[in-house]
Each structure stands twice: as C-alpha cells, then as structure tokens.
2 protein chains.
Amino acid sequence: MKLAEDDIRQRFRACGLKVTPQRAAIYRALAETTSHPTADALYQQVRRRYPMMSPNTVYYTLGALRDAGLVHEVNYWHDGARFDANLTSHHHLVCLGCRAIVDLMDARLDRLAAPALQRRAFDIIGHRVEFHGYCAACRASKPGTTRRRPEPKKRMRRA
Amino acid sequence: MKLAEDDIRQRFRACGLKVTPQRAAIYRALAETTSHPTADALYQQVRRRYPMMSPNTVYYTLGALRDAGLVHEVNYWHDGARFDANLTSHHHLVCLGCRAIVDLMDARLDRLAAPALQRRAFDIIGHRVEFHGYCAACRASKPGTTRRRPEPKKRMRRA
DNA sequence: TTCCTGTTTAGGAATGACTCCTATCTACCA
DNA sequence: TGGTAGATAGGAGTCATTCCTAAACAGGAA
C-alpha cells in the first residue's frame, strides 16, 4: 500500500509532529509492510536511503510515533522475561499502568479457534487472549489520554 | 499453594532434572505466586535464603525449567520491540519458529469480552488474541517435541 | 559407602537493545 | 527571514541476558 508524501505530511501534522525526511521514511517503511518489523529492521531499510541516520533516530522516532498514536507497539511485553508455573489453560489481564499480569480462567476463551483459512496455512498449537487496561490501583492515577512509555527498566541489583 | 519438598523432587525427576536446593527454591518461589515474576524478582526473593546465588543461576534454571515444560514464559515476545502501522482492530498469528507475526482480522474475535467479575475489577480498554504455532516454512523443520529457545538476538550493526 | 561423570553453579566478561546526554541542525510559525 | 522548539547524530551509559570457565555437587555405578 503506497503512501503519498502528502498523506504522511497530513497525518504527522494532525498529531503535532514535525515532518522530517527521516521520520517520514521510517513511517513509510512501517506503513508499507505487514511484517511488524523491529527497530533494527526499520533502521537497516531506511539507512539505504539515509546512510547518515543514527539508530538513535529510529528509536526516538518510533517512540514519538507510538506516543502520537500513529503506530502500535505490537509486543509491549518486550522488557523482561516473565514466568508462570501455572500450566493449566488460562488467559491474562494486563495492567498498562503497573504492568501487573493477572490470571483469567474462562472456558469460553479456551474454545476460540482461528478462521479456517489461517488454520490451513498455520499449524496452530495454542492461543491466548490478553485483555489490557488498568487495575483498581492504577485507575486512580491513570493519565487522561496520554499514552505512557514503558516503565524504566530496573537493573538487577547485586549488592 | 504450599509445595511439598517431595512434590518438587518428583516433578524434577520426571523431567530428568537434577534436584538442587537453588533450583528447588526458584521453582517453589514461582509455583507459590500468581504474579508472573521476572527473573530479577525471583532472584531477589530466593537470594534471601541463598545469598551466594548468582543471577546467572536464575537464568540458567528458568531456561531449564522452561525447556522441561515445568514453567511457561508468559511473554516470550520480550526480545525486541516490534511495530505496526495498521491501527485497525486485528489479532495475530505468531510463528514460534521464525517469530514472524501475521495479521488476522476476525470480527468474531473483536467481540470478545472478559467475564463480568474481571470487568468490574479491571478497567479494560482492549484485548488481543494471539494464536501460536508454526508457519508453513517452519512446519517442515519443526523439531519433534523439543521446545526451542528464542532465536539469538542480533546486534544492531552500524558499519 | 565411595567414586565418577555429567550437570549445575558462581563469577566474570561480553552482547546487544535501548536510553541518556549534548551539540548541532531544521521545520515551521510569526 | 529569524527565532525557537523540536529533531538528529553521535557517543557514552544501562541493564537484561548470554557466554565462558573452573569449581562444586547430584545421583548412578561399583
């Protein structure tokens, strides 16, 4: 799906983002694929046209686009591995504020199936439903409409 | 849910894992909580009883437990951020082999709702269904029953 | 019980995704 | 056209995680 230069310009303006060639290139690369690329993949692609570009710019720009709501971060749980010893089928409620994950058992959700088309193309071995929102504690302090960046990572303390 | 020492021993043996105090402590800590802790959180907790323990051991042990199927990694998409410019409601098919993410539109899945109990406790603003499996390309090379560790991360090349 | 061997552990170093800081640059409003 | 807030490039720092190695140890064999 080709994107007109003007279209990008309009979308950026609508969000109050300045229109720069790097930024437009990153957004264009993302909008013209369905492959959910990583920051690095986008960097590799855009760098072909802008060899001076810093990976920093890619991170900064993706953050800006995300905060503006122009792109989604598909896997916002990319911060640190989390484990679960509960092996029975269950789903999750995820708090976007404090990042708590709460178990949710529901037989109805267990029975979901992908459409037949995908079941043929893909060898599906399971599924999981994730509800996103704010827990009671975070609801009170929930920011209006602003999206919040992930919590800063904490270092693994040794001492 | 308290876990008897013998119970842990049996589960480990059944998977061919040696039973060590550190390993048992890590598994116990994980089995006795529903909070989906990070490796660091487990380290902090278990370290209270085993001050000499290295964070390394926690990573190694969690990997072993996961490969043995005794625990699940809740958010295996914790490796690197991935982005999506498709803002329309959709769900995902995730290939456990090559980690590709394929879009999946299905109005039926859009209409899911959490049980009323959770809807009261949690301010839910959205949900997403993730189907896991193997794409056509990976199906061929899919290992029998062995679980595969995540692909090695690739560094962001500058030169 | 003791010994052997392969696994596990601790510690240090390396990796790599990402963030922070700073100086320069530039889009865009007046 | 100039001023300025916001954007970029580059370097340094952060930190979760992995790699490597030597020492410790669990558990089967003798």
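Predicted model: local features only at pLDDT ≥ 70, side-chain atom pairs only at ≥ 80, totals over all residues.
Strands here are DSSP runs of E with at least two residues, helices are runs of H or I with at least four, and both are numbered from the N terminus. Two strands pair if DSSP finds at least two bridges between them.

Residues are numbered from 1 along each chain as its sequence is written, and chains are lettered from A in the order in which they are written. Local features need pLDDT of at least 70, side-chain atom pairs count only at pLDDT 80 or more, totals for chains, interfaces and linings use all residues, and side-chain values use heavy atoms, without hydrogens and water.

**Strand pairing and B:His132**

Within chain B, S3 (residues 91-95) and S5 (residues 122-135) pair in the parallel sense over 4 bridges. B:Cys95 has B:Gly133 as its bridge partner in S5(B). B:His132 also lies in strand S5 of chain B.

| Feature of B:His132 | Value |
|---|---|
| Relative accessibility | 8% |
| Polar contact with the side chain of B:Glu130 | 3.1 Å |

Leaving out residues up to four places away in sequence, B:His132 touches residues including A:Asp123, A:His127, A:Arg128, B:Tyr76 and B:Val94. Contact means heavy atoms within 4.5 Å.

**An enclosed helix**

In chain A, 8 of the 11 residues of helix H2 (residues 21-31) are buried, so H2 is largely enclosed by the rest of the structure. Among them are A:Arg23, A:Tyr27 and A:Leu30. The buried residues of H2(A) pack against H1 (5-14), H3 (39-47) and H4 (55-68) of chain A, and against strand S2 (83-84) of chain B.

**Symmetry**

A rotation of 180 degrees, with 0.0 Å of shift along its axis, superposes chain B on chain A (RMSD 0.1 Å). The two copies are thus related as by a two-fold rotation axis. In chain B, the C-alpha of B:His78 is nearest the axis, 1.4 Å from it. Superposition is by least squares on C-alpha atoms of residues with pLDDT of at least 70 in both copies. The copies meet through the same surface, because 100% of the interface residues of chain B are also interface residues in chain A.

Terms used:
Buried < 20%, exposed > 50% of the residue type's maximum accessible area, 1.4 Å probe, protein only. Polar contact = N/O pair within 3.5 Å; in protein donor to acceptor, adjacent residues only side chain to side chain.
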